[in-house]
Amino acid sequence: MTTPLLSIKNLRVKFRLDKHNSFEALKGISFNVMPNQTVALVGESGSGKSVASLAVLGLLPKENATVDKASSIEFEGKNLLTFSNAQKRALRGSEISMIFQEPMSSLNPVFTVGFQIEEVLKEHKGLSGKAARDRAIALLTEVGIPEPAIKIDSFPHQMSGGQQQRVMIAMAIACEPKLLIADEPTTALDVTIQKQILDLIAALQKKHNMAVLFITHDLAVVGDIADHVVVMRNGEIREQGAAIDVFSTPKDDYTRALLACRPVVDSRPKRLPVIDDFMAGRADAMRLEQRSRGVKDSDPVVLEVKGLCKDFVSREGLFGKRVFHAATDVSFKLRKGKTLGLVGESGSGKTTVGLTIMKLHDATKGEAWFEGKNIFAMSEKEFLPYKKRIQIIFQNPYASLNPRFTVGQIICEPMIIHCIGANAEARAKMAFELLAKVGLPEMSFYKYPHEFSGGQRQRIAIARCLTMKPDILICDESVSALDVSVQAQVLNLLQDLQDEFGMSYIFISHDLAVVKYMSDEVMVMSEGNVVEQGDSDALYAAPKAAYTRKLLDSIPRGLVATVG
Amino acid sequence: MTTAAINPNNPALGIERSPGLWSLAWKRLKADRIAVVSMVIVIAFLLLSFAAFFGLIAKDWNKEIAINYAPPTLFKDSHKPAADLRPGAATDAGPAVDGAAAKPEFINDRDPLREVIIELKAQLGQSTGAADSGIKIVDPLADVLTELRKQLGRTGDGAANVVEAKRLDYLPFGADKWGRDVLAKVIQGSETSILVGFAAAIVATILGTVLGAFAGYYGGKTDDALNWFYSIFSSIPYILLVLAIAAVLKQKGVVTVVLILGLTGWTSIFRLVRAEYLKHKARDYVRAANAIGASNLRRMFVHIFPNISHVVLVQLSLHVVLFIKSEVILSFLGFGVPVDTVSWGSMLNESQNELILGYWWQLAAATVFMAVLVTAFSLFTDALRDALDPKLK
């Protein structure tokens, strides 16, 4: 048996919160990373997976983090916890290196990418001048940047997100480390780019004989590349084993829940099973109850959009201007009680369409017919009564709630504006009812948004929309920022509300599986144009456009499909 | 401007409201020792000036109760009270009599005639008419003069004081040129300075916040216009602007000083608030407010304002300090409060001449009071900023 490259034994990390309270982020975890192996550390937010990776690199904040004395992190037989700062620094970058989630914020915006790669080489390899530059170009070539000799002099902002992540990878492998730690490297990227980056990491791992510690919240992503999977929850390891075993015969209920609560393309249960269902053992029954989707011509049309165009004009120079076509000639019909899915990668214009329908942007051209009136032709004042009929739930639940309002104020605000409810008490009563409806306790009424988790905040945002009893609800990436298990809960809630109130949804997402699960009809967008639209089952079964096929191929299926 | 008052203590629930920004900030402020000390000092000053405002203390600052330039109690030995330097003092009060009565500490302990002198003085002090008659001997018009003084009412009892009551030889903080109590003056001065500081800071903050909110929120042409206005305002030298506004207002007074400072001091608040609004208007929660149909004004002042109110409060606090200092400078230069009111600045102005003669106590009193308040207020502002900074949570 070979000796492990990295061996974590009984790692306990505590964070001091204030004088009396501390929080145990890791409760004694142990796992090994063998040479040339990819180990996936999977868990939802708060599971402690990132803390583990920071502990390995010695990057835990000194002020409040303490590592238990009995813990050990052995790298090639040496305990990293006993290393001095200088020793740790020498190790980082040369033996162990890391890539982060957000490439844009990990790269220094005022230096060229070449300079940043050369700096790593200078620091750890002693290369300088021409030698460093040549090596940097070679690295950029290796990570698949087109025209590396030119791109080496560009600044991070001149590159796309995928290219930035490639640069980060180039920096990470510059010194040929033995261990590469990848912390959610693809989470911020589009599906097609995500697939490319995953392929790249897998290829580099083979070529350089690296070990990779891959940290992610998404089990599906690691299915393709991991040899060994470690599933974490609340600072504990729930299950670990060879990837194939974990995916095909998960032993732990939590692992099974994680695998199942993410909607998959080829199955559509009536409700998504959430972790509680697995714990209660009723998940298997739920999976059998399927929901059928699709629209009939007899379904009444709520909103009809014809030829929507939205241009953004930016001034350039003194008189010049540049026009950016965010959305071109978008037409669709939304039917009562049905969901229209809007899929596309970032920059495809799907959010622009959503915001323009809400008149949060003014349409450049086009018509939107709602109850026999063209809402695009209305003035702000004329539109006001219609505003409550069309509502939106934003992507980031941390940003869309006013941090200085209590939840009660947030929910009552639309009622005050639209004069719903006779007085403050009547409004408060309604707010309590809505809180119960979205599954939040009554005491939430007096709390501030920062006291809630992402999923709970999204429920608050939904409750706010429900006060106005809208006919149309636009969900703009409403579940993208949430953990998979929470995502399933929110999707179930949206589904229940649609069944109860007969609202029509415009469901915008980059996640094809989620859109497939929610939608009756789907519209695929790319660079402001509608590529394909039609019945969701038909579209997913037989995509006509090449772009749709490419998108569908990029969905990380891994071994998940075999389990589903 | 607040949203519906919701009954927090719903009987069915019996739970408490979560602590908001302000209660958390207050908690942090209380935990900060420097903040508490400086807050106590500031509050003490505020109470002092309130008391002065309502005439509870230092009402009689204008009374000439001591001899001219009477020294502070602590330094009575090292400073000889000078001869009466008041113009016309010789004909007015009679230097011989007044002077003799006013200098008991001049008695040499080894003087053989000491006993006699003390007795003589006691006699003079007892007979109230002594000084009067003394004057009458020298000045045949003394009666008329006293009568005239009474009619003019300038010094009111002062005239009687001059003539009848014994003037004090020293005061806790000394006396000024006219024998007025420096302590009373400095308290009265702090009332003026604090009033001016707060009022001007409030005027400037309201102006800066409202203009900044409009410029930042609306952007485009509104922003351009307000920025032009701001640039013009800040391109004129400060003192020149002050002179111009003073000339337009055509009168001297506390209100004028408040207006001058308020109208010139809003610019930095404007820039800050504008930047905050620029930042916040693009935030999702403002977009969400738009989506639920909140009007522009509602978005500006109900939704965004609570999120930037801590910035405004810190600016207000900073500007109070700034304007207290500015008022002192203006009054020192003679553009400030009129002569019939006293402020720290006008005290400093008076002490210019006194300092040459070695009478430093008026300068010291005004400077110490001002320094203590300004330092305490600045420390308080820093602590306030720390307490309100969401990043330091």
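A nonpolar core is a set of buried Ala, Val, Leu, Ile, Met, Phe, Trp, Tyr and Cys residues joined through C-beta atoms within 7 Å. In this predicted model, the largest such core holds 245 residues, and those touching the most other members are Leu41(A), Ala170(A), Leu179(A) and Phe214(A). Helix H9 of chain B, spanning residues 182–218, supplies the largest share of this core, with 17 residues. The points below describe the two chains, the contact between them, and selected elements of chain A.

**The two chains**

- Chain A contains 23 helices and 21 strands. Its radius of gyration is 25 Å, close to the 24 Å that the globule rule gives for 564 residues, so chain A is as compact as a globular protein of that length.
- Taken along the principal axes, the box filled by the C-alpha atoms of chain A is roughly 70 × 60 × 50 Å.
- Of the 564 residues in chain A, 47% are buried. Contacts in chain A between residues at least 6 apart in sequence join residues at least 24 apart in 68% of cases.
- Chain B has 17 helices and zero strands.
- In chain B, 38% of the 393 residues count as buried. Here 71% of the contacts between residues at least 6 apart in sequence join residues at least 24 apart.

**The six-stranded sheet of chain A**

- Strands of a sheet pair through backbone hydrogen bonds, either parallel or antiparallel.
- Six strands of chain A form an open sheet in the order E7-E8-E9-E3-E10-E11, and the pairing is mixed. Its edge strands, each pairing on one side only, are E7 (96–99) and E11 (236–242) of chain A. On average, neighbouring strands of this sheet are turned by 15° against each other, direction ignored.
- Within this sheet, strand E3 of chain A (residues 38–42) and strand E9 of chain A (residues 211–216) run parallel and are joined by five bridges. Phe214(A) in E9(A) stands opposite Ala40(A). Phe214(A) is also one of the residues that touch the most other members of the largest nonpolar core.
- Leu179(A) belongs to strand E8 (179–183) of chain A. Leaving aside neighbours within four places in sequence, its contacts are Leu5(A), Leu6(A), Val33(A), Glu95(A), Ile96(A), Met210(A), Ala211(A) and Leu213(A).
- Helix H1 of chain A (residues 49–57) lies across E3, E7, E8, E9 and E10 of chain A, and runs at about 145° to E8(A). Helix H7 of chain A (residues 161–173) lies across E7 and E8 of chain A, at about 175° to E7(A).

**The four-stranded sheet of chain A**

- A further open sheet of chain A has four strands in the order E13-E12-E15-E16, with antiparallel pairing. Strands E13 (320–335) and E16 (373–374) of chain A are its edges, each pairing on one side only.
- Strand E12 of chain A (residues 301–316) and E13(A) run antiparallel and are joined by 12 bridges. Phe312(A) has Phe324(A) in E13(A) as its bridge partner.

- Chain A gives 34 residues to the contact, and chain B gives 24 residues. On the side of chain A that touches chain B, helix H15 (380–387), strand E17 (390–393), H16 and H17 of chain A each give two or more residues. H16(A) provides the largest share of this side, seven residues.
- Helices H16 (residues 407–417) and H17 (residues 424–437) of chain A also pack against each other, at an angle of about 115° and with their axes 9 Å apart. The crossing of H16(A) and H17(A) is right-handed. In this packing, Gly408(A), Ile411(A), Cys412(A) and Met415(A) of H16(A) meet Arg427(A), Ala428(A), Met430(A), Ala431(A) and Leu434(A) of H17(A).

**Residues with positive phi**

- Most residues other than glycine have a negative phi.
- Asn36(A), although not a glycine, has a positive phi of about 60°. Asn36(A) lies in the loop between strand E2 (22–33) and E3 of chain A, and counts as partly exposed because 16 C-beta neighbours lie inside 10 Å.
- Glu184(A) likewise has a positive phi, near 45°. Glu184(A) is found in the loop between E8 and helix H8 (191–208) of chain A. With 19 other C-beta atoms within 10 Å, Glu184(A) is partly exposed.

How values were computed. Residues are numbered from 1 along each chain as its sequence is written. Chains are lettered from A and ligands numbered from 1 in the order in which they are written. This is a predicted model: local features need pLDDT of at least 70, side-chain atom pairs count only at pLDDT 80 or more; totals for chains, interfaces and linings use all residues. A residue is buried if 20 or more other C-beta atoms lie within 10 Å of its own, exposed if 12 or fewer, and partly exposed in between; C-beta atoms are placed from the backbone. Two residues are in contact if their C-beta atoms, placed from the backbone, lie within 7 Å. The radius of gyration is taken over C-alpha atoms; the globule rule is 2.2 Å times the number of residues to the power 0.38. Two strands pair if DSSP finds at least two bridges between them. Axes are lines fitted to C-alpha atoms, for helices over the stretch in contact, and angles run from 0 to 180 degrees between N-to-C directions. A crossing is left-handed if the near helix is turned anticlockwise from the far one by less than a right angle, and right-handed if clockwise.
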